[in-house]
Amino acid sequence: MNEETLINMWNAKRKSIAHSQIVSVIMIATVVALVVTGQFATASDDIKIMALAAVGTTGILSLISQLAIIREANMIVKDLAKAKTNTGKIIAASGSYLQLTQVVMVLFGIGLFALIVGAIW
């Protein structure tokens with residue numbers, strides 16, 4: 001595969017990561033709006049559990065998609081190891097950022113879910 005194709009694939013992966021977050025962001029925003037307006041204050045435990053299950057399921061599916069995209073982006077980084085253009089070289093040097101992104105995504109996901117659990121209950 002040539003360098004230009006790999007760079008285009010890299011850009012597509014970056015866009016895919018952003019797009020894969022949309023559903024979970026909408027779900028989280030909806031639950032936060034319900035928390036802020038006090039909708040969970042009088043809700044039954046069943047409703048609270050259902051809301052947490054919806055947020056958790058959406059978040060986990062989004063995270064799995066993002067981690068798969070990052071795994072694929074890691075392969076692009078490896079393929080660009082011998083890049084000739086500056087853009088290719090910069091992307092090839094991004095492997096450590098991809099690793100950091102994976103760790104941060106998981107930690108933030110767990111932390112955010114814990115905060116939502118606390119806010120609902």
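Helices here are DSSP runs of at least four residues, numbered from the N terminus. The model is predicted.

**Stop 1: Lys 82.** Select Lys 82, in the loop that joins helix 3 (45-79) to helix 4 (86-92). Exposed means over 50% relative accessible area, so Lys 82, at 77% relative accessibility, counts as exposed.

**Stop 2: the largest pocket.** Move to the largest pocket, with a volume of about 460 Å³. To centre the view, select Ile 28, Gly 59, Met 105, Gly 109 and Leu 112, which are the closest to the pocket's centre among its 21 lining residues. Then colour helix 2 (22-36), helix 3 and helix 5 (95-120), the elements that each give two or more residues to this lining. By residue class, the lining of the largest pocket has 13 nonpolar residues, eight polar and no charged.

**Stop 3: the second largest pocket.** The second largest pocket holds about 210 Å³ of space. Its lining can be selected as Trp 10, Lys 13, Arg 14, Ile 17, Gln 21, Ile 70, Ala 73, Ser 94, Tyr 97, Leu 98, Thr 101 and Met 105. Helix 1 (3-20), helix 3 and helix 5 each supply at least two residues of this lining. Colouring by class gives seven nonpolar residues, three polar and two charged.

**Stop 4: Met 105.** Finish on Met 105. Met 105 is one of the residues closest to the centre of the largest pocket, and Met 105 also lines the second largest pocket.

Terms used. Residues numbered from 1 in each chain as written. Predicted model: local features only at pLDDT ≥ 70, side-chain atom pairs only at ≥ 80, totals over all residues. Heavy atoms only, no water. Buried < 20%, exposed > 50% of the residue type's maximum accessible area, 1.4 Å probe, protein only. 1 Å grid on protein atoms, 1.4 Å probe; cavity = no way out; pocket = protein on both sides within 12 Å on 5 of 7 lines; lining within 4 Å. Points joined across faces, edges and corners; volume = space filled by probe spheres on them. Nonpolar A, V, L, I, M, F, W, Y, C, P; charged D, E, K, R; others polar.
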